[in-house]
Amino acid sequence: MIGRLRRTYRRMRLGTRLALGMGVLSLMVFAVVGTGLTTYMRDYLSEQLDTQLAQGQIAQSKNIEEHGTLTGKKYYSWFYAVYDVSGGKPVLRKPEDPADLPKDVDSFTAVARAQMTSDTEVLRTDDLKGKGSYRLRACEFEPGVILVSAAPMDGIDDTVGRLVAIQAVAFGVALLALVLSGRGMLRRGLKPLSDMAHTARGITSHDLTDSARLPVRHDGRSGGPEVEELRTAFNTMLEHIDDSLAVRTQAEQRLRRFVADASHELRTPLMSVRGYADLFQYAAANAPEERDKHLARLRAEAARMGILLDDLLLLARLDAADVEAPLRLEEMDLVELVHQAADAFRAGRSDHPLTVALPPDPVRLRLDPLRLRQVLDNLLSNAAVHTPAGTKVSVEVCVESGMALVQINDAGPGIPAADQHRVFDRFYRVDKARSRDRGGSGLGLAVAHSLARAHGGTLELTSSPGSTTFTIRLPLGRTA
């Protein structure tokens with residue numbers, strides 16, 4: 001039974017639990033107050049009855065002294081008994097009126113006997129057979145004579161009973177009103193929590209695979225400081241979930257796009273290799289000049305696929321830099337490195353005049369010369385591939401605000417504003433119609449951007465019609 005009640009209580013709503021708890025606490029308070037009030041009233045009425053008994057016995061003792069027996073001055077439903085105790089034991093005198101004594105006088109005799117050995121009046125409450133509860137008082141009003149009076153306690157019991165009934169009704173009504181009004185107040189006070197639960201249910205019903213943004217927030221303003229604190233924490237949690245889901249969704253989209261682009265890029269050279277292999281298999285290229293041409297083409301496609309795979313592997317290692325460091329840092333002069341890259345560009349891109357502006361003093365940094373040279377070569381090659389012949393290209397090295405800057409500028413047509421924020425994405429091409437032979441795989445700028453970040457620096461783009469500038473920023477004094 002107790003276990004069933006416990007399970008039922010656990011299934012109740014929080015507002016109902018609080019209301020019941022408040023009701024039980026109020027009931028305990030009412031019980032303590034009612035018990036104290038009832039006890040006080042009973043004691044007060046008993047003291048009044050004792051006083052009345054004492055006053056009555058004073059008047060009755062004078063009457064007994066004058067007439068030898070008790071006459072007059074009697075109270076309705078009271079009992080009286082006079083005992084002679086001069087012989088050492090109480091002897092009951094014959095009453096004037098038989099109604100003055102009940103049929104059973106043992107209680108009176110016992111009180112009289114107790115008075116014989118007491119220095120003060122004896123008060124006792126006893127149940128007289130057939131009569132009910134009485135308050136007995138014995139006093140020795142003259143030597144050897146004891147008067148015992150008994151007053152009924154029905155009035156006290158009735159008064160106390162009525163008081164208990166009134167208290168029960170009043171406390172019951174107050175308790176019912178308190179529980180009902182408290183339940184309403186608690187329901188209003190807990191409504192923000194219910195709204196938050198409704199918001200949470202709305203989140204669970206939302207398909208997070210379609211959108212990374214949660215469509216719901218709790219915007220209520222009711223409740224106290226505690227509810228406001230909980231609401232703020234709840235909304236902060238939702239914002240954090242939103243951001244996490246957005247990052248996850250973007251990462252999944254980038255991964256899907258990366259896999260699709262990588263598959264597409266690898267498919268072309270693989271198809272070429274397969275086609276030339278079929279030619280050799282069916283002896284369609286046995287002539288020496290045909291064989292050499294096809295073998296050269298096979299080597300070119302294999303080399304192109306190798307470069308693509310090397311770039312993909314490098315990007316993967318840069319993404320997992322906390323597991324495997326892809327850089328081999330050493331002390332190096334950035335000016336010398338830029339000078340070497342410029343010489344290589346002039347030798348391979350003679351149709352693009354190159355201007356180099358270098359500082360007179362060396363700019364020494366801890367860097368990976370092979371990888372940073374790859375960044376410079378990619379940016380210079382990008383300037384030559386995406387601009388017409390004769391376009392001027394310039395390289396400048398300077399030191400500014402604790403950073404070493406390398407700026408590569410070309411006077412080409414520029415990059416559209418809509419494409420500038422995506423030029424560092426993997427496999428992204430500004431000119432979608434450009435052939436792969438000329439435009440590359442779309443990984444050059446992505447590799448350059450990742451390598452710049454791996455060196456603790458940045459790679460930035462500013463472009464407008466007639467000018468495109470890539471700026472490499474590397475921190476001075478970088479340690480390995």
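The structure is a predicted model, in which local features need pLDDT of at least 70, side-chain atom pairs count only at pLDDT 80 or more, and totals for chains, interfaces and linings use all residues. Residues are numbered from 1 along each chain as its sequence is written, and side-chain values use heavy atoms, with hydrogens and water left out.

Strand S5 covers residues 145-152; strands (E, at least two residues) and helices (H or I, at least four) are DSSP runs numbered from the N terminus. Eight of its eight residues are buried, so S5 is largely enclosed by the rest of the structure. Buried means under 20% relative accessible area, exposed over 50%, and partly exposed in between, with a 1.4 Å probe and protein chains only. In a regular strand, side chains alternate between the two faces of the sheet. Val 145, Leu 147, Ser 149 and Ala 151 point one way from S5, while Ile 146, Val 148, Ala 150 and Pro 152 point the other way.

S5 pairs with strand S1 (residues 79-84), antiparallel, through six bridges; pairing requires at least two DSSP bridges between two strands. Here Val 82 stands opposite Leu 147. Strand S4 (residues 132-142) is also antiparallel to S5, over seven bridges, and Cys 139 has Leu 147 as its bridge partner. Two residues separate S4 and S5 in a hairpin, where Gly 144 in the turn has a positive phi of about 85°.

Elsewhere, helix H1 spans residues 2-11 and contains Arg 10. Arg 10 counts as exposed because its relative accessibility is 57%.
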